[in-house]
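I opened the notebook to look up aromatic rings and their partners. Entries follow in the order I made them.

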Amino acid sequence: MQSSRLTAFILFIACITIYLANGRPLGSGDTITNTLVGFNLLENHRIDCDNFRGKFHHHANSYWFVDAPNGQLVPYYPVGPAIVSFPLCIGYWASLKTSPGKIDVTSATFENQRQTFEHLASSVIAATSVVLFFLSSRLLFNLRTSIITSIVFAFCTNVWVTSSQALWQHGSSNMMTLGSFYALLRANRASGDSACKTWILVAGVCCGMLPAIRPSGLIFLLAFGAYCIIHFRKDLWLFGLGLLSCIPTLAYNLKYAGSLLGGYKTQFNASRFSTSNFSAGFTGVLFSPNRGLFVFCPVVVFAWSGISHLVKNIRSSDKDNLLLLLFSVASLLHCALFFFFNVWWGGHCYGPRYMTDGLPAFIFLINYFVVAVLPANSLKHTVAIIAFAVLAFYSMFVQIVGAFGHGGAGWDSHPLNVDKYHKRLWDFKDTAIKRHFTALRSSFFVDQEPTNKNPQYLFGKVLSITDESGHPLPQPLVVHSGEKQVFIAEVQNLGSIRWTGYLSGDYGPHSYVNMSFVDSSAADSGAGGMLYVAKRLRPVEKGIAMGEVTFPSKCGDYKLNAQMEWGNIAGNRFTREPFFISIRVVPR
């Protein structure tokens with residue numbers, strides 16, 4: 001027992017150290033309000049978000065805030081993760097208060113502190129999940145087996161790149177599902193009635209938080225609730241009492257958003273979940289080269305050994321077997337839910353983000369495989385161990401490049417937004433893993449060109465522009481008002497230094513073609529776009545640039561002005577010969 005506690009402590013410290021090693025969070029707009037809510041309560045003594053209206057975090061594109069029916073500004077996403085991380089928020093806020101002056105949580109000046117806290121809090125939550133996973137494994141398996149699978153869970157799955165890098169819902173969800181699972185395993189082993197009751201209550205508290213963190217967590221609540229009905233019916237009221245932990249979230253949602261789901265109610269409607277999405281969702285969630293579970297975490301295939309064990313012992317009276325069976329079924333159902341979701345790829349993220357909630361059960365099942373093949377006493381076992389090691393190390397490699405790959409030079413948005421151009425999810429040439437690996441390699445082995453070069457060294461030329469299929473554009477090009485099209489430009493580097501591109505993985509300014517429109521009065525129409533240069537181009541070298549262009553909403557004749565640019569350079573337009581295309585915008 002003492003060795004298990006020491007191992008758990010070492011795992012916790014190791015996880016936090018490694019999770020924080022990349023030095024910055026890997027979040028998105030989805031996670032912003034999970035940090036702001038806590039700080040707003042502590043600093044301004046208010047739990048509404050109206051004071052953010054019109055400030056740094058609230059603008060035209062701030063989808064993370066929504067206007068409730070009562071007119072108040074509320075978080076779009078559930079506040080459950082903010083509640084889970086609130087104890088950590090108190091400690092971080094207290095450290096900030098040691099410096100004089102008021103903390104303005106609505107200002108851009110607070111953004112660095114917000115991101116630092118987000119990275120720290122998510123790492124602690126993920127590390128706690130790993131410890132709960134390890135302690136649960138130790139109740140059923142030996143120390144060696146538990147250490148191996150805990151390392152797989154911590155560093156070979158999206159627990160690393162997703163849960164530990166930002167306050168997504170998934171990290172808090174994993175902690176609460178594992179908390180429920182561990183508590184019920186302890187209840188099964190409780191030597192006294194009092195201890196058993198305590199663990200049932202703890203399981204209820206953890207389960208109550210699940211739908212507050214993520215509505216789909218209700219699936220896990222039902223699974224653990226069913227187990228308590230079967231084996232702890234006499235003390236079921238304690239489990240129900242624990243479920244009251246959801247009250248703060250429900251009260252917040254009802255008061256400020258007028259709905260039990262809060263601002264998230266717009267996310268869950270029948271139109272977003274449909275059987276028509278199943279074919280794309282099923283194949284994409286599991287096998288997409290840029291989101292597939294078996295592509296980013298192939299080691300999960302060894303969960304089959306545990307599934308086989310559960311099926312063979314389905315009639316067993318073993319309490320643990322039934323508990324794990326229900327946990328596994330809930331995890332499979334939770335994953336299958338996203339086969340029917342119209343945004344099955346999870347927006348802008350790295351890997352199978354939506355599958356993260358099911359990983360605790362899937363990786364726990366691998367314990368049965370490890371027990372079966374260790375120690376290796378036959379050629380069959382040796383081969384199995386080698387296969388397991390290869391897939392585990394590959395899965396870890398995928399997580400390493402995701403954590404340290406500088407965002408893959410914006411794979412989700414460059415050259416085309418993956419949320420709109422879904423074919424990129426099946427691009428086997430320009431994959432998210434490859435882009436992140438290239439970015440990681442570039443940070444070590446490629447000399448970055450200075451970004452303060454005089455623009456005269458960055459001269460370039462647009463040679464031609466075609467449509468997405470490579471067909472030349474007619475003159476004039478007739479389009480509908482507000483229409484969007486994908487263009488491809490051939491460009492040439494006429495300067496004296498190398499250009500960078502999105503495929504190069506360079507972390508810094510990239511070369512691109514700025515596409516702007518002017519009407520007959522030479523006034524900028526406000527439409528346009530960017531065509532991103534694909535790869536590094538040395539002086540005199542030619543290459544392509546691709547991107548989406550939005551045409552003016554006002555009908556009339558325009559000139560499309562294509563100019564080479566270099567990001568973050570003052571006076572950064574460096575086209576030697578401007579390229580123009582005649583455009584005629586007609587009504588839709």
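**Rings and their contacts**

I began with a charge over a ring: R424 lies over the face of W411, 4.3 Å from the ring centre. The rule asks for NZ of Lys or CZ of Arg within 6 Å of the ring centre and within 35 degrees of the ring normal.

I noted the basis. This is a predicted model, where local features need pLDDT of at least 70, side-chain atom pairs count only at pLDDT 80 or more, and totals for chains, interfaces and linings use all residues. Residues are numbered from 1 along each chain as its sequence is written, and side-chain values use heavy atoms, with hydrogens and water left out.

Next I looked up ring pairs. Rings of Phe, Tyr and Trp (its six-membered ring) pair if their centres lie within 6.5 Å; planes under 30 degrees apart are stacked, over 60 edge-to-face, the rest tilted. The count by this rule is 41 aromatic pairs.

I picked F278 and F339. Their pair is edge-to-face, at 6.0 Å centre to centre and 75° between the planes. F278 lies in helix α13 (residues 278–287) and F339 in the loop between α16 (319–337) and α17 (359–373), so the pair ties together parts 61 residues apart in sequence. Helices are DSSP runs (H or I, at least four residues), numbered from the N terminus.

Is F339 buried or exposed? F339 is buried, at 10% relative accessibility (buried is under 20%, exposed over 50%, partly exposed in between; 1.4 Å probe, protein chains only). F278 is partly exposed at 33%.

I then checked F282 with F339. Their centres are 5.2 Å apart and their planes at 85°, so this pair is edge-to-face. F282 is partly exposed at 31%.

Last, I found a cluster linked by ring pairs, with F133, F220 and Y368 among its members.

Terms used
Helices (H or I, at least four residues) and strands (E, at least two) are DSSP runs, numbered from the N terminus.
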